Amino acid sequence: MPIYETIIGLEVHAQILTRSKMFCACSADYAGAAPNTHVCPVCMALPGSLPVINRAAVEKTILAGLALHCTIGPEAVFARKNYHYADLPKGYQISQYELPLCHDGWIEIEIPNETGNRVKRIGITRVHLEEDTGKLTHTGGASLVDLNRAGVPLLEIVTEPDMRSPEEAHAYLTMLQRILRYLGVSTADMEKGAMRCEANVSVRPVGQAQFGTKVEVKNLNSFRAVVQALEYEVARQIAVLESGGKVVQVTMGWDEAHGRTVVQRTKESADDYRYFPEPDLPPLVIEPAWVEALAARLPELPDAKTRRFVAELGLHPRDAALLAEDRGIAEYFEAVARESGDAKTAANWITGELFRLMNTATVEIAAVKITPAAFAALMRLVATGQINLNSAKRVFAIMFETGRSPDEIVQELGLAQVSDADVLAAAVAAVVARYPDEAAKYRGGKETLFNWFLGQVMRETRGKGNPAVVRELLAKALKG
Amino acid sequence: MSLTLAQVEHIAELARLALTDAEKALYREQLSAILEYAAILQRVDTSMIPPTATVLPLRNIMREDIVQPSLPIEDVLANAPDAADGCFRVTAILEG
Ligand SMILES: [Zn+2]
């Protein structure tokens, strides 16, 4: 049996975060709205209505294109994609065909292997802008059409057939999702339908230059579904070839419930869509100055951030990647690092205590009540020995709960660490006087008793003694 | 440049038109005539002319991303032959 190579290309649709729809002023926020309440003559395709392009959708598409290292424009044309379906009131979808907004880019993905991470570049064929369709609900003998989603702006991102395994496809989607979220272009939430994926899959014997016949797989609604469907489809195609058969070019749907791909009704081919330039929309000319202005708005992306956190702030690569994963968290971390002047300790606190509390309470970073300034103030209380680490964790939990200042909480709970040498010296003297036998044994060479004495003094001060000061005083007193 | 009957049927299918045999024959003739005309146009040397998506002198006509009120649902469904639960009700469609 020959060894087969898998070839995968992905087509991703992501809803663009705009307030209004792509070509009309209806609200694009369809989630939770009563059916057909975000609808107007344009998005329900009444005769005589005309579309007008939403500038924010164009700019967010260009931002995505820039982040994916694409060439932008210089000219972009909208096109009609003609087909009949009940969720498409015009009988065509306004999309882009020959002149997309962005083309010829790339994205780098990381695939874990035995020796760490392997970096691979995946080509981006094009990034274009189009409109979403309405929503169909199927009831017994009829279908119900809700047009709230019709006309919501969609980003379509098409890759080259550059992925060689379901794992690479997964890594690509993860990276793409992270970038779109960072840019604020899309929530890219697959489970909520804000990011959808279709795959082109084929297999060929290793060494064969020509691609095998590709099969399109649709209905991939989660990361898990993508991996499972691709694994299933690859195995299916190899089995077909091994039994002497031929893979037929067809569109399959992923049947999540049964864990298999099933042939879908054959739809129109590209020719059958009869694409032609949208006569209702004048072309866009993307001037370099416009692109430059948008490029200036590009945030530092997760990869670059991770590298900078390691190189400039001295973080462990794992912590750096963890903090850079989400833009909100990265910005919060940087604010705390700046306020406190101690990036490493800030990273430890955030990846440790803060993440733990956020997970337990299922709180997003935007809703965290601890301001970076208060966070830094708490770190300073520990650094200057005013409270110990255990007390600090208690205070931190209360800050997380209430948003109150650390000084206030420390005072209220009486947690302030005692560093006053006179007060501590009295406690040390009392303990040493209470245990003369142990003191004698220590002086006789049983040095391990030192830590026991330390514990006794800490108990005497109810945990508030500054350990460094106590240690020093105790050493002096025991020598005595 | 004459269309086959099968091509006419395919075009009718894409346009969701049910044609009688007489109509198919008639449209085969008429559509073929249109294509012949297009074939004449295609003889013109356009190698030096950039593709033209519009003849209007307009570019970059855009609106700001501002939400305005949508139609009241009564108006949205006013012309619907059938409606249920605030939705247009249509013949059952199989997921495809
Ligand atoms: Zn509308």
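Which residues coordinate the zinc ion, and at what distance in Å?

## The zinc site

In this predicted model, the zinc ion is coordinated through the SG atoms of A:Cys24, A:Cys26, A:Cys40 and A:Cys43, at 2.3 to 2.4 Å. Donors here are N, O and S atoms within 2.8 Å of the metal (3.2 Å for Na, K and Ca), and since water is not among the atoms, sites may look incomplete. The angles among the four donor atoms of the zinc ion run from 99 to 117°, and the site is tetrahedral, a label given to four donors if all angles lie between 85 and 135 degrees. For comparison, the ideal angle for four tetrahedral donors is 109.5 degrees.

Along the chain, the donors of the zinc ion follow the spacing C-x1-C-x13-C-x2-C. A:Cys24 and A:Cys43, 19 residues apart, both belong to the loop between β1 (4–15) and β2 (53–54) of chain A, and the pair links distant parts of the chain; strands are DSSP runs of E with at least two residues, helices are runs of H or I with at least four, and both are numbered from the N terminus. A:Cys24 is buried at a relative accessible area of 5%, and A:Cys43 is buried at 8%, where buried means under 20% relative accessible area, exposed means over 50%, and partly exposed lies in between (1.4 Å probe, protein chains only).

## How the model is read

Residues are numbered from 1 along each chain as its sequence is written, while chains are lettered from A and ligands numbered from 1 in the order in which they are written. Because the model is predicted, local features need pLDDT of at least 70 and side-chain atom pairs count only at pLDDT 80 or more, whereas totals for chains, interfaces and linings use all residues, and side-chain values use heavy atoms, with hydrogens and water left out.

Leaving aside residues up to four places away in sequence, A:Ala33 touches A:His38 and A:Asn148, contact meaning heavy atoms within 4.5 Å. The C-alpha atoms of A:Ala33 and A:Lys246 are separated by 47 Å, and these two residues are 213 residues apart along the chain.

## Where the two chains meet

In the interface, 35 residues of chain B are in contact with 49 residues of chain A. The two chains bury about 3,700 Å² between them, 58% of it on carbon and sulfur atoms; buried area is the accessible area (1.4 Å probe) that two parts lose on being put together, summed over both. On the side of chain B, B:Met62, B:Arg63 and B:Asp65 lose the most area to chain A, together 20% of what that side buries.

Between chain B and chain A there are 18 residue pairs in polar contact, both residues at pLDDT 80 or more. A polar contact is a pair of N or O atoms within 3.5 Å; within protein, one must be able to donate a hydrogen and the other to accept it, and residues adjacent in sequence count only if both atoms are side-chain atoms. The count of salt bridges between the two chains is one, and A:Arg55 forms a salt bridge with B:Glu64, with the closest N and O atoms 3.1 Å apart. The elements that give two or more residues to the side of chain B touching chain A are α1 (5–14), β1 (62–63), α3 (73–76) and β3 (87–91) of chain B, and β3(B) gives the most, with five residues.

## Salt bridges within chain A

Over all chains the structure holds 31 salt bridges, each being a side-chain nitrogen of Lys or Arg within 4 Å of a carboxyl oxygen of Asp or Glu. A:Glu59 forms a salt bridge with A:Arg297, the closest N and O atoms being 3.4 Å apart. Because A:Glu59 lies in helix α1 (residues 55–67) of chain A and A:Arg297 in the loop between α4 (288–295) and α5 (302–313), the pair ties together parts that are 238 residues apart in sequence. A:Glu59 counts as buried at 15% relative accessibility, whereas A:Arg297 counts as partly exposed at 47%.

A:Arg356 and A:Glu353 meet in a salt bridge (2.9 Å, N to O), and they are separated by about one helical turn because they are three residues apart in helix α8 (residues 343–361) of chain A.

Conventions:
Four donors count as tetrahedral if all angles lie between 85 and 135 degrees; four count as square planar and six as octahedral if opposite donors are over 155 degrees apart and all others between 65 and 115; anything else is irregular.
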